[in-house]
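Thanks for coming. Please have a look at it first.

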Amino acid sequence: VIRVFCNRVLNSFPTSASAKDSPAFLKIAVALAVTNAKKTRNFIITKSKSKTISPQVKGALQNCSLAYHGSIRQLRLVIQDLDDDPLMVSYDAHIARKQLNKCKETLAKNNIVDGSITSRHQIAIEYARLYEELSLSI
């Protein structure tokens with residue numbers, strides 16, 4: 001599954017053809033993951049502002065958006081550590097994925113089932129598997 005996703009993602013990014021090594025592929029994967037995470041976070045924020053949701057759902061969605069924010073922040077560290085501290089790259093990638101898991105846990109804990117969030121979150125998790133796998137080769 002990850003190989004199919006990896007090929008589809010990297011083939012969709014114009015500069016991936018010129019990538020020569022794992023760090024270059026990791027930078028592409030992280031850039032795409034950050035773009036996806038920002039879109040998902042913004043979608044969740046918009047949903048949390050709906051006047052038709054309960055305070056419980058609103059709080060859970062706000063926690064979910066914070067988890068995405070944490071993941072994005074950690075992904076920026078992945079790129080920074082590629083140059084500064086390569087030994088930290090896989091740790092940063094792992095923590096970024098764990099941040100995404102907090103969103104899933106929050107939704108489950110609050111019994112929130114929303115296909116529009118779940119489908120976006122699943123894509124974010126696929127990106128997380130990709131960048132985490134690539135980070136292990138650094």
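First, the ground rules. This is a predicted model, in which local features need pLDDT of at least 70, side-chain atom pairs count only at pLDDT 80 or more, and totals for chains, interfaces and linings use all residues. Residues are numbered from 1 along each chain as its sequence is written, and side-chain values use heavy atoms, with hydrogens and water left out. Helices here are DSSP runs of H or I, at least four residues, numbered from the N terminus.

Now the disulfide, meaning a pair of cysteine sulfur atoms within 2.5 Å. The count comes to 1. Cys 64 is joined to Cys 103, with 1.5 Å from S to S. Cys 64 lies in helix α3 (residues 55-84) and Cys 103 in helix α4, so the link ties together parts that are 39 residues apart in sequence. Are these two cysteines buried or exposed? Cys 64 is buried, at 0% relative accessible area, and Cys 103 is buried, also at 0%. Buried means under 20% relative accessible area, exposed over 50%, and partly exposed in between, using a 1.4 Å probe and protein chains only.

Next, Ile 44, which sits in helix α2 (residues 22-48). Ile 44 is buried, at 1% relative accessibility. Ser 65 is 21 residues from Ile 44 along the chain, and their C-alpha atoms are separated by 6.2 Å.

On to the salt bridges. How many are there? The count is 3, where a salt bridge is a side-chain nitrogen of Lys or Arg within 4 Å of a carboxyl oxygen of Asp or Glu.

One pairs Lys 47 with Asp 114, at 3.1 Å from N to O. Lys 47 is in helix α2 and Asp 114 in the loop between α4 (89-109) and α5 (115-135), so this pair connects parts 67 residues apart in sequence. Lys 47 is partly exposed, at 26%.

Another pairs Glu 132 with Arg 97, the closest N and O atoms being 2.4 Å apart. Glu 132 is in helix α5 and Arg 97 in helix α4, so parts 35 residues apart in sequence are tied together. Glu 132 is buried, at 15%.

Glu 126 and Arg 129 also meet in a salt bridge, at 2.5 Å. Both lie in helix α5, 3 residues apart, about one turn of the helix. Glu 126 is buried, at 11%, whereas Arg 129 is partly exposed, at 39%.

Notes. Helices (H or I, at least four residues) and strands (E, at least two) are DSSP runs, numbered from the N terminus.
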